[in-house]
Amino acid sequence: MALEKTGFSTKAVHGGEKPDKRSVVTPIYETSVFAFTNTKELIDVISEKAEGYIYTRFDNPTLRAVERKIAILEGSEDAAAFSSGMAAITTTLLTLVSKGDHVVASRDLYGGTLTFFQEMLPQFGIEVSLVDAADISQVKEAIKKNTRVVYAETPTNPTLKIVDLPRLAALAKKHGITTVIDSTLATPYNLTPIKFDIDIVVHSATKYLGGHNDITAGIVCSSKEFIQKLKKTRKILGGTLDPMAAWLLLRGLKTLALRMERHNQNGMQIAQFLEKHPKIAKVYYPGLPSHPQHSLAKKQMRGYGGVVSFEIKGDFEKTVQFVESLKLCLLAASLGGTETLATQPTTSSHYFITPEQRQKLGITDQLVRLALGIEDPEDIIADLKQALNKI
Ligand SMILES: *Cc1c(COP(=O)(O)O)cnc(C)c1O
């Protein structure tokens with residue numbers, strides 16, 4: 001059966017795997033280096049005349065399996081795996097831009113990415129303009145002659161804004177600008193940006209792709225040509241994923257569809273519960289009809305994911321009391337794993353930014369981000385209820 005004709009789950013289980021002998025599962029090639037039978041063979045591989053492996057910082061068979069699998073799921077020609085989401089993002093940008101270039105980026109970004117854009121890229125003579133990418137006219141106005149890259153996340157963290165990908169891609173194409181989308185919160189189960197003509201998709205595979213809160217990893221999906229260039233930068237900067245983590249990611253990906261179904265279901269059910277609760281002032285979830293961009297989300301996504309943010313009726317102290325009263329939901333700053341995690345963005349992801357910046361992003365003292373796991377929704381709701389009863 002041709003793999004291209006199969007469904008998402010079949011692709012997630014079988015795609016990219018080429019285990020040798022009778023092994024069902026791709027083994028962990030836990031080796032830092034590969035040996036050659038003769039010099040000609042070595043030269044052929046080094047000069048890229050023949051396929052092969054030399055050194056694990058360059059490439060490794062377990063890594064290749066995970067890269068092939070994710071490329072199949074995202075619908076991209078190829079992919080490259082990194083030691084973290086940040087390694088994937090920074091290596092991508094350092095491959096795309098050089099001195100004198102300009103980048104237009106969304107203001108609603110993961111903290112590490114925002115710091116890289118605001119503090120590190122300018123050190124290399126690269127100018128960055130921050131806009132609200134959910135408003136395409138702001139992106140359009142920020143474009144200059146030397147703009148090389150437009151960068152955004154969708155849905156955004158923690159307020160779950162949606163970026164209109166077909167419009168963003170069309171605008172960038174018109175100006176010959178490369179588009180990069182951080183699709184961590186969506187995953188290829190809910191959204192495939194390449195289908196909308198986006199050039200490069202990046203992921204923190206630490207989140208849903210790995211899915212079990214047990215690895216740190218990153219992924220970049222794009223054309224064969226760009227991935228080849230990117231891997232040359234990866235080889236030098238050294239942020240290559242290690243074989244053990246690659247194997248855990250390979251294993252996590254096989255259940256991506258099952259987990260995302262539950263994350264989507266939990267997201268919707270808990271967002272609906274919170275929206276009706278008298279102690280909740282506001283709920284952010286793109287699956288709710290009350291979300292200002294619900295129709296856009298519905299048009300470009302297959303599901304809305306497991307991140308739900310909300311504001312409690314009360315102040316900072318009351319919100320602290322709420323998150324500290326949770327028993328099943330853990331107070332931890334990540335998302336996308338099997339365990340439900342709760343955080344106050346003001347004390348975690350957005351702790352280091354100024355109150356003015358927070359206000360611009362809609363991050364208030366009473367905001368809570370809930371990263372739903374795959375537990376039974378009734379149990380999560382019972383935990384939220386008892387914690388809300390304490391405030
Ligand atoms: C976590 C995260 C990152 C960074 O990934 P790491 O694996 O922690 O380096 C980047 N973007 C988004 C949207 C994230 O949630």
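Visitor: How many of the twelve residues of α4 are buried?
Guide: Ten of them are buried, so α4 is largely enclosed by the rest of the structure; buried means under 20% relative accessible area, exposed over 50%, and partly exposed in between, with a 1.4 Å probe and protein chains only. The buried residues include Gly-85, Ala-87, Ala-88, Ile-89, Leu-93 and Leu-96.

Visitor: What kind of model is this, before we go on?
Guide: This is a predicted model, in which local features need pLDDT of at least 70 and side-chain atom pairs count only at pLDDT 80 or more, while totals for chains, interfaces and linings use all residues. Residues are numbered from 1 along each chain as its sequence is written, and side-chain values use heavy atoms, with hydrogens and water left out.

Visitor: Back to α4, then: what caps its N-terminal end?
Guide: Ser-84 does, with a side-chain oxygen 3.4 Å from the backbone nitrogen of Met-86. Such a polar contact is a pair of N or O atoms within 3.5 Å; within protein, one must be able to donate a hydrogen and the other to accept it, and residues adjacent in sequence count only if both atoms are side-chain atoms.

Visitor: And which residues surround the ligand?
Guide: Ser-84, Gly-85, Met-86 and Ile-89 are among them, together with Tyr-110, Glu-153, Asp-182, Thr-184, Ser-204, Thr-206, Lys-207 and Ala-217, where a residue is near if one of its heavy atoms lies within 4 Å. The largest share of this shell, three residues, comes from helix α4, residues 85-96; helices (H or I, at least four residues) and strands (E, at least two) are DSSP runs numbered from the N terminus.

Visitor: Which polar atoms sit by the ligand oxygens?
Guide: A polar backbone atom of Met-86 is 2.9 Å from a ligand oxygen, a polar side-chain atom of Ser-204 lies 2.8 Å from one, and an N or O atom in the side chain of Thr-206 is 2.6 Å from one. The protein covers 92% of the 380 Å² of accessible area that the ligand has on its own, as computed by the Shrake-Rupley method with a 1.4 Å probe.

Visitor: Switching to α10: which of its residues are buried?
Guide: In α10, residues 243-254, the buried ones are Pro-243, Ala-245, Ala-246, Leu-249, Leu-250, Gly-252 and Leu-253. What covers them includes α1, α3, β7 and α11, and the N-terminal end of α10 is capped by Asp-242, with a side-chain oxygen 3.1 Å from the backbone nitrogen of Met-244.

Visitor: Where are the cis peptide bonds?
Guide: One joins Thr-154 and Pro-155, with omega about -15°, and another runs from Asn-157 to Pro-158, with omega near 0°. Pro-155 is in the loop between β4 (147-153) and α7 (165-174), and Pro-158 is also found in the loop between β4 and α7.

Visitor: What about Leu-160, buried or exposed?
Guide: Leu-160 counts as buried because its relative accessibility is 1%. This residue lies in the loop between β4 and α7 and has a positive phi of about 55° although it is not a glycine.

Visitor: Last one: what is Gln-344 in contact with?
Guide: Leaving aside neighbours within four places in sequence, Gln-344 is in contact (heavy atoms within 4.5 Å) with Phe-316, Thr-319, Val-320, Val-323, Asp-365 and Leu-367. Gln-344 is found in the loop between β11 (341-343) and α14 (355-361), and this residue is buried, with a relative accessible area of 3%.

Note on methods: The expected span of a helix is 1.5 Å times one less than its number of residues.
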